[in-house]
Amino acid sequence: MWLLLSPTALEASFLRGEPFSFLGRKGLRGEGFVWLETGIGKVNVALTLAAWASRNPVEKALLFGIAGAYPGSGLLPGDVVLVGEEVEADLGTQEGLKPLGFPALEVEGKAYYNCFPLDSGLTRALAQVLDLQVVAGLTRDRVSETPGEAEALASRWGAQLESMEGAAFARACLALGIPGVEVRAISNPAGVRDKGAWRIPLAVRTLEGTLAPILGGAFPEGLQG
Ligand SMILES: O=C(O)c1cccc(C(=O)CC[C@H]2O[C@@H](n3cnc4c(=O)[nH]cnc43)[C@H](O)[C@@H]2O)c1
């Protein structure tokens with residue numbers, strides 16, 4: 001069974017299933033999947049995933065939603081990508097958590113500070129099936145508010161897109177031993193607050209166009225839950 005997560009119900013408006021409520025937010029039981037609305041931000045996504053997984057078996061998890069594109073990434077509103085690795089950029093110091101000397105997570109003897117990989121096998125398989133580029137994501141609780149701030153973060157961490165949930169999802173998946181993948185559709189240039197430059201309906205449409213064929217009940221071979 002796939003667990004599908006999106007920060008808001010708007011991003012999942014194309015999914016069909018039996019509605020239910022979980023932690024006060026929306027959920028759907030569909031064919032081969034359960035979808036949960038997590039709420040925006042790192043704590044919400046990690047909390048929702050961990051709470052669900054503590055009571056239900058989760059074979060694979062997919063986080064999907066909209067995101068901002070960093071300057072120089074080449075990504076445009078409406079582009080859909082997979083995220084191969086996530087950076088939790090507001091953890092520790094400006095230079096990350098390493099200077100403090102404490103890893104954020106240790107799994108099977110490997111220490112993770114600010115960078116958390118998504119499942120490489122599942123990401124590769126989805127990239128092939130959906131013909132998507134794999135990029136690096138950066139996650140923070142506060143969004144970039146100027147192009148300069150966005151550019152500095154992108155170049156410090158080598159990221160192409162910004163969201164508010166990705167790293168928490170990747171980290172929770174690693175901690176819980178759940179293979180996780182992340183799909184994002186670009187809705188705006190990161191660091192640009194003028195909503196005239198935002199294309200949320202376009203991003204939601206392209207997300208749907210990408211995911212609906214595989215979430216309509218039949219996951220492709222090798223991706224079945
Ligand atoms: O008002 C603003 O300046 C502003 C800037 C970025 C995002 C928002 C949101 O309300 C959307 C948050 C929601 O969407 C994802 N998202 C989309 N674009 C970005 C971005 O440029 N930076 C960070 N997150 C973004 C995010 O994952 C949330 O789920 C408002």
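Which side chains meet in a salt bridge at 2.5 Å, N to O? They are those of Lys42 and Asp90. Here a salt bridge is a side-chain nitrogen of Lys or Arg within 4 Å of a carboxyl oxygen of Asp or Glu.

## About the model

This is a predicted model, in which local features need pLDDT of at least 70 and side-chain atom pairs count only at pLDDT 80 or more, while totals for chains, interfaces and linings use all residues. Residues are numbered from 1 along each chain as its sequence is written, and side-chain values use heavy atoms, with hydrogens and water left out.

## Salt bridges

Let's stay with that opening pair. Helices (H or I, at least four residues) and strands (E, at least two) are DSSP runs, numbered from the N terminus. Lys42 is buried at 9% relative accessibility, whereas Asp90 is partly exposed at 34%. Buried means under 20% relative accessible area, exposed over 50%, and partly exposed in between (1.4 Å probe, protein chains only). Both residues also belong to a salt-bridge network that links Lys42, Glu88, Asp90, Asp141 and Arg171.

The count comes to 10 salt bridges. Among them, the side chains of Arg184 and Glu165 meet at 3.0 Å, N to O. Arg184 lies in strand 12 and Glu165 in the loop between strand 11 (161–163) and helix 4 (166–176), so this pair ties together parts that are 19 residues apart in sequence. Both Arg184 and Glu165 are buried.

## Around the ligand

Glu165 turns up again here: of the 17 residues around the ligand, Glu162, Glu165, Asn188, Arg193 and Lys195 come nearest. A residue counts as near if one of its heavy atoms lies within 4 Å. An N or O atom in the Glu162 side chain is 2.7 Å from a ligand nitrogen atom.

Arg193 is exposed, with a relative accessible area of 53%, while Glu145 is partly exposed at 37%.

How values were computed: Polar contact = N/O pair within 3.5 Å; in protein donor to acceptor, adjacent residues only side chain to side chain.
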